[in-house]
Amino acid sequence: MAGDLKLSSVTRDLTRIERIGAHSHIRGLGLDSSLNPRSVSEGMVGQPSARKAAGVILHMIREGKIAGRAVLLAGQPGTGKTAIAMALAKSLGEETPFAMLAGSELFSLEISKTEALTQAFRRSIGVRIKEETEVIEGEVIELQIDRAAAASAAPSKTGKLLIKTTEMETTYDLGAKMIEALTKQKVQSGDVIVIDKASGKITKLGRSSSRLRDYDAVGPQTKFVQCPDGELQKRKEVVHCVTLHEIDVINSRTQGFLALFTGDTGEIRAEVREQIDTKVAEWREEGKAEIVPGVLFIDEVHMLDIECFSFLNRALENDMAPILVVATNRGITTIRGTNYKSPHGIPIDFLDRLLIITTQPYTEEEIRKIIDIRCQEEDVEMHDDAKGLLTKIGVKTSLRYAIHLITAAALACQKRKGKLVEMEDISRVYQLFLDVKRSTQYLVEYENQYMFNEVPREGDDDDAMHS
């Protein structure tokens, strides 16, 4: 029993290599087949109306027929706006492009604001390209590699590959590159493989089912497949999924293919984009490619200025525009770059284009459920009374502050060599780390001792009048 426990803990450590983030527990929107939100599902808690609305948007994106729609997630800080956007991304899957951008990022880049937004838009639009390629598919009968014992420092390798289908078999002479590729894939007699004739790429499909009796025991990863039938050389349709931005970068002469890895793409000329759009349109007409409209998520949208909003207005009218999702926690505030005030700091004409989803503050019961999920995600074992206290703190202060205390309390528990986080650990970290309200109260009490204090003291107005 002890051995089993040890093994499971090792497995958990190996599978959880990635760091735990604020939204790492989100797996999806937690909706059923009729788009009704479950109370707790896929890491999501509460916000039923907002999740249901996001589910409708998700359905709209999957249909792929409507372009240029925009959605605003508006709500108080800590009400799950980013969580809903992340859940949307997870629900879409890997096939649909999803790009994230913070409003303040645009002003810290070396490229212009409109260029940064254009790149973000094109990063959110996928192109599924179909092409036919010639492949050799069959079961390996024999793989023979000869090492030429030459006097030179680097002896050459030659070899032969005997491969068959149910109807025919052929021997191929192998060069050094093919031998290296076969060795890298650990190809051996009895494997069913596919060789791309154009690129030389080798894909191992599995073991031939005709060799099933040759082994007394096989590992759980071993996959048995049927020996291919028909001709050895076949034409197969291969599908590649890329974004328009990736095509832009590869075709940009100044940057080229390496810019995809460095991230330093710079300004991409409009002529390059026009040529690519024309070519993609041709592929669509010929049936070689199809457009996959994705999602562009802009957080802190109130940080954009009037020029950015003007650009977004025009960009959303393009027939190749993605679904735009923006989020803000501001009320009525000044539009950046102007002296005018507007709801959420967004101009009225752009606000009119948005489908607005509002998020509501979490109830005490929902905060408790979120704390349970976060404790599980952060591998913290906590007593129910401690969770109850943490829930009260979350209601009194903020959900984010309560979540931050989980790991801190676990460390306090570890220091006293305890195994279960108790109420005393929560109280200890609550006293060590201040929330916003207590910090503000402290500032008011000791304002005179801080530099550059802007709160007017009593008597300052009188002094100003006398002077």
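**Cavity, pockets and contacts in a predicted model**

Good morning. By the rule applied here, the structure contains 1 cavity of 30 Å³ or more. Please bear in mind throughout that this is a predicted model.

The largest cavity has a volume of about 50 Å³. Its lining consists of Ala 54, Ile 57, Val 71, Leu 73, Ile 84, Ala 85, Leu 88, Val 325 and Ile 357. Two or more of these residues come from each of helix H2 (48–63), strand S3 (70–75) and helix H3 (81–92). Helix H3 provides the largest share, 3 residues.

The largest pocket has a volume of about 680 Å³. It is lined by 32 residues, and the closest to its centre are Ala 22, His 23, Gly 78, Arg 400 and Ile 403. Strand S2 (44–45), H3, strand S14 (323–328), helix H11 (364–377) and H13 each give two or more residues to this lining. Which element gives the most to the lining of the largest pocket? That element is H13, with 5 residues. By class, the lining of the largest pocket comprises 12 nonpolar, 13 polar and 7 charged residues.

The second largest pocket has a volume of about 430 Å³. Among its 19 lining residues, those closest to the centre are Thr 118, Arg 122, Arg 273, Asp 277 and Asn 318. At least two lining residues come from each of helix H4 (113–123), helix H8 (270–286) and H9. The lining of the second largest pocket has 9 nonpolar, 2 polar and 8 charged residues.

Helix H9 leads us to the aromatic rings. The count comes to 3 aromatic pairs. In one of them, the rings of Phe 309 and Phe 350 have centres 5.5 Å apart and planes at 45 degrees, so the pair is tilted. Phe 309 belongs to helix H9 (residues 306–315) and Phe 350 to helix H10 (residues 348–351), so the pair ties together parts 41 residues apart in sequence.

Finally, I return to H13. The axes of helix H13 (residues 399–415) and helix H14 (residues 423–432) come within 8 Å and cross at roughly 115 degrees. The crossing is right-handed. Contact residues of H13 include Tyr 401, Leu 405 and Ala 408, while those of H14 include Asp 425, Ile 426 and Arg 428. The residues of this contact comprise 9 nonpolar, no polar and 3 charged.

Thank you for your attention.

Key: Residues numbered from 1 in each chain as written. Predicted model: local features only at pLDDT ≥ 70, side-chain atom pairs only at ≥ 80, totals over all residues. Heavy atoms only, no water. Axes fitted to C-alpha atoms, helices over the stretch in contact; angles between N-to-C directions. Helix = DSSP H or I, 4+ residues; strand = E, 2+ residues; numbered from the N terminus. Left-handed = near helix turned anticlockwise from the far one by under 90°. Contact = heavy atoms within 4.5 Å. Nonpolar A, V, L, I, M, F, W, Y, C, P; charged D, E, K, R; others polar. 1 Å grid on protein atoms, 1.4 Å probe; cavity = no way out; pocket = protein on both sides within 12 Å on 5 of 7 lines; lining within 4 Å. Points joined across faces, edges and corners; volume = space filled by probe spheres on them. Phe/Tyr/Trp six-rings, centres within 6.5 Å; stacked < 30°, edge-to-face > 60°.
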